[in-house]
Structures are given as structure tokens and as C-alpha cells.
Amino acid sequence: MNANPYTVVLIVPTGIGAAVGGYAGDALPVARAIAQVADRLITHPNVLNGAQLYWSMPNAFYVEGYGLDQFAAGHWGLRPVTQNRVGLVLDQGIEPELRLRHLQAADAARATLGLSLTDYVVTDAPLGVGLKAASSGATWGTIQNPGSLLRAVEKLVKVGRAEAIAVVARFPDDVGSEALQQYRQGQGVDPLAGAEAVISHLVVKTFEIPCAHAPALLPLPLDPALSPRSAAEELGYTFLPCVLVGLSRAPQFVTAPSTRLGDLWVNQVNALVIPATACGGSTILSLSQTSTLIITVRENQTRLNVTADALGIATLEVNSYLEALGVLVAHRAGISPAALRPAIDSMRELNH
Amino acid sequence: MTVTQLVMQFVSFEVELQSTPGELQQLILAQLQAQGQPLRWAITAIAPDQSRVTVEAVVMT
């Protein structure tokens, strides 16, 4: 690795119906491609999690959204690890047979992939996941018993010496809903995504260790019209394997007083790639105040219309991820992307 | 750990658009802190005249 590793942050916000990445880990090909042209890729579970499917990349940093916001704000750094011991929290609301499916998925990750897991903890009350679709079109959610979740995590950290936390919460089965039908057809907004995000955000905020979430759901009836973008979530009984793989090598969070060689901080980020209509998150607002090149992708449409231009954020807008990859290659090489176009404006005198 | 009283809730509000993204972020964080501990938030809409933005969030109280 060179002295100044080229570092890219890739964000596809969850729960806003992103055309690429709004479904079952379907921005993973984008992440794989960026990881080929960057030395380091920082991205979040919504991009990398494909239920039974995953692609482990040695130069990818799996950083949950709350941690990513803290990193972008300069509050936390990222420390690479060789392996995390992952603690598993199971919602008491999960039925016995479904619980056993998840335990077998975790055992499979230990036996087949060699991952390190602690013993598991069942929450002392059902978490009570509630889903909400906001007027903006984004999905959000809450849990009724956050204290129960935090007590379970505390036990895993203190007794089990867990270094990262996988949470499996029982989500409402809503087989007949229009939202679910649209999601399975690769349209609309993931109805579960917003609630999933707040579960992991709560754990990361409280314990400052990596966390990701997998929903527990009953298997759906076979659908011959299933979209390829949603298909990864219908291959098995759990969404857990990708979460365990991601957490097994997720970087630990560090604060300034304890920083050491090899830690990654926001001033080392070269570029951010994000959908053009989803520019209202904390990470992009923070990075807009740094020298990071912000590349917005028009083709990845979302339910929102929060553009960088309207918020006063300077970006380089491209049509597609294919074009974004070209910009990253040029930027990394120190070549102005404008020089690769047929027409180049002449220089003008700077007036103030 | 005494966490039994924690409540997680969804909130939505509007703030005036600021002249820089940094000022806007600080204003939103201040508004969020007044309502609880923010877990997750985003600007989800911009008024047609670009005078105000809508923020949606989940906070702990």
C-alpha cells in the first residue's frame, strides 16, 4: 500500500428506495468495483449486506451508519482489525423454531467460515419493533424496549467479551402488504430498513463498538416475479450470514487521545460517492466541510429530492456509477476530470 | 446500567436553510438535542422556494 492510500466513502442511504442499493445488498457490485480502483473503501452494512450473500474485501471497512457519521465529523477514527469476536443478541420475540434457524446460521459461520462468536444472549423482553413510513417517503422505525436491547449487549460485552454485536430482532410479517409486494419486485422502499438502522445506531452510540442488524422473519411464499435486486433475501431462513461476515472484520472505533499508527481519520478521505438526491445526511454535510471530492450519482434515483446544489454543497455530478468510477480513477491519478472532455473552457482572471 | 426508562421516538420538524452546510448541520443538531438524543436523522425535503428544509429523525428520550 502506498504512503497516501486513496480512500473512498460509498454511501447509499437505507430506507429511501434507492434504485441501486435500496434492496437486498444490491449496491455490492458498485462497492466491489470501487474497491478495485481505491486503496481503501469505507461503506456501510446497507451496501454490503445481501442476506446469505456477501463479498469479503480486504480493503473494505464495514462501518455502521452512526459510526460513519461520527467518523465523518472527526469525532471517531477507524482502527483495522484482523478479527472481531462477535456477540449475538436474539430478540425474545423470535419464535423457538426461528431462533434455532438463527443459531444454526451462526454455528455455520463458525464452522464453515471460521468466524469467532461468543455465546449468545436472548433479550429479557420482546424488543417490539415498530415500522413507520414518513411523509417524505423514507421508512423509519422504533423499538419499544431499547433498555432490553442495551442490557443484552452489555452482558455480551462484559461477560462474553464481545468486540462487535450482531442483533437479530423479530420484525412484523406483513406478507400481504403493498409495500412488501413492491419491494419484492424491486420497486418502492424497503419497509424494514429504517427500523433496522436505529437498532444498530443505538448500540453503536451506547457502546462505541461495531454493530449490525438482521431482521427475523418467516419465509415468504414463492414469488415467480421476484426481482433480482431483492432475490438475495429469499435464499434461506435468515439474513444473518452477511452481518456476521461484515462484523468479523469491521474496524473498531477510536477516539483522539488513543489514536495510533494505522488508524484512519476523516482527513484521509479522498472522495465520497452518494446518490444525487440523498444529500441531506450527517456524513455528507460533514464531508462537505473538508477537501473531500463529493461525487453525486444522478442515475441512482431515490424517493427524496434533497440535492447538493440546494444545500450549497459543492459536488461533481455524474450520470452513473460507471462514470463515477472513471472520475475516481482520474482523481486518484491527479487528472482533472474536465480534461477528459472534448471542450475545455479557457482560463479567466479571478475577480473578487 | 439503568436503561429501563429509555424511549425511542420518531420526530419531524422544519428549519430555515442556512448559508453554508456547516451552519445548517449545527442548527439541526441543536434542534435535535432539544428533543432528545439523536440516533439517526436526515434532511428529507427542501421547500420549493428553498427557504426551509424538513428533518426526520429518531431520538432517545
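A: Chain B of this predicted model contains one helix and three strands. Read from the N terminus, the elements of chain B follow the order β-α-β-β. Along the principal axes, the C-alpha atoms of chain B occupy a box of roughly 45 × 20 × 15 Å. Of its 61 residues, 34% count as buried. When contacts in chain B between residues at least 6 apart in sequence are considered, 51% of them join residues at least 24 apart.

Chain A has 11 helices and 14 strands. The radius of gyration of chain A is 20 Å, close to the 20 Å that the globule rule gives for 352 residues, so chain A is as compact as a globular protein of that length. Its C-alpha atoms fill a box of roughly 70 × 50 × 35 Å along the principal axes. Buried residues account for 52% of the 352 residues in chain A. Among contacts in chain A between residues at least 6 apart in sequence, 73% link residues at least 24 apart.

Helix 3 of chain A is mostly covered, as eight of its eight residues are buried. These buried residues are Gly65(A), Tyr66(A), Gly67(A), Leu68(A), Asp69(A), Gln70(A), Phe71(A) and Ala72(A). The cover over them comes from both chains: it includes strand 4 (77-79), helix 7, strand 11 (252-254) and helix 9 of chain A, together with strand 2 (37-46) of chain B. After helix 3 of chain A comes Gly74(A), which has a positive phi, near 85°.

One of these covering elements, helix 7 of chain A, can be described in more detail. Two packed helices are described by the angle between their axes and the distance between the axes. On the side of helix 3 of chain A, the contact is made by Gly65(A), Tyr66(A) and Gly67(A), while helix 7 of chain A supplies Ala197(A), His201(A), Val204(A) and Lys205(A). By class, this contact of helix 3 with helix 7 of chain A has three nonpolar, three polar and one charged residues.

The contact between the two chains comes next. Chain A gives 31 residues to the contact and chain B gives 27 residues. On the side of chain A that touches chain B, the elements giving two or more residues are strand 8 (139-143), helix 5 (146-158), helix 7 (193-207), helix 9 (282-287) and helix 10 (308-311) of chain A. The residues on this side of chain A divide into 16 nonpolar, 11 polar and four charged.

Strand 8 of chain A, one of these elements, has five of its five residues buried, so strand 8 is largely enclosed by the rest of the structure. Both of its faces are covered: Thr139(A), Gly141(A) and Ile143(A) are buried on one side, and Trp140(A) and Thr142(A) are buried on the other. Strand 7 (residues 129-133) of chain A pairs with strand 8 of chain A in the antiparallel sense over five bridges. Within this pairing, Gly130(A) has Thr142(A) of strand 8 as its bridge partner. Strands 7 and 8 of chain A form a hairpin with five residues between them, and in its turn Gly137(A) has a positive phi of about 105°.

Elsewhere in chain A, six strands form an open sheet in the order 3-2-1-12-13-14, with parallel pairing. Strand 3 (60-62) and strand 14 (316-318) of chain A stand at the edges, each with a single partner strand, so one side of each has no neighbour in the sheet. From one strand to the next, the twist averages 20°. Strand 13 (residues 293-297) and strand 14 of chain A pair in the parallel sense over three bridges, and Ile295(A) has Leu316(A) of strand 14 as its bridge partner.

The loop between helix 2 (45-48) and strand 3 of chain A holds Ser56(A). Ser56(A) counts as partly exposed because it has 13 C-beta neighbours inside 10 Å. The C-alpha atoms of Ser56(A) and Arg32(A) are separated by 9.3 Å, although these residues are 24 residues apart along the chain.

Definitions and conventions:
Residues numbered from 1 in each chain as written. Chains lettered and ligands numbered in written order. Predicted model: local features only at pLDDT ≥ 70, side-chain atom pairs only at ≥ 80, totals over all residues. Helix = DSSP H or I, 4+ residues; strand = E, 2+ residues; numbered from the N terminus. Rg over C-alpha atoms; globule rule 2.2 N^0.38 Å. Buried ≥ 20, exposed ≤ 12 C-beta atoms within 10 Å, placed from the backbone. Contact = placed C-beta atoms within 7 Å. Pairing = 2+ DSSP bridges. Axes fitted to C-alpha atoms, helices over the stretch in contact; angles between N-to-C directions. Nonpolar A, V, L, I, M, F, W, Y, C, P; charged D, E, K, R; others polar.
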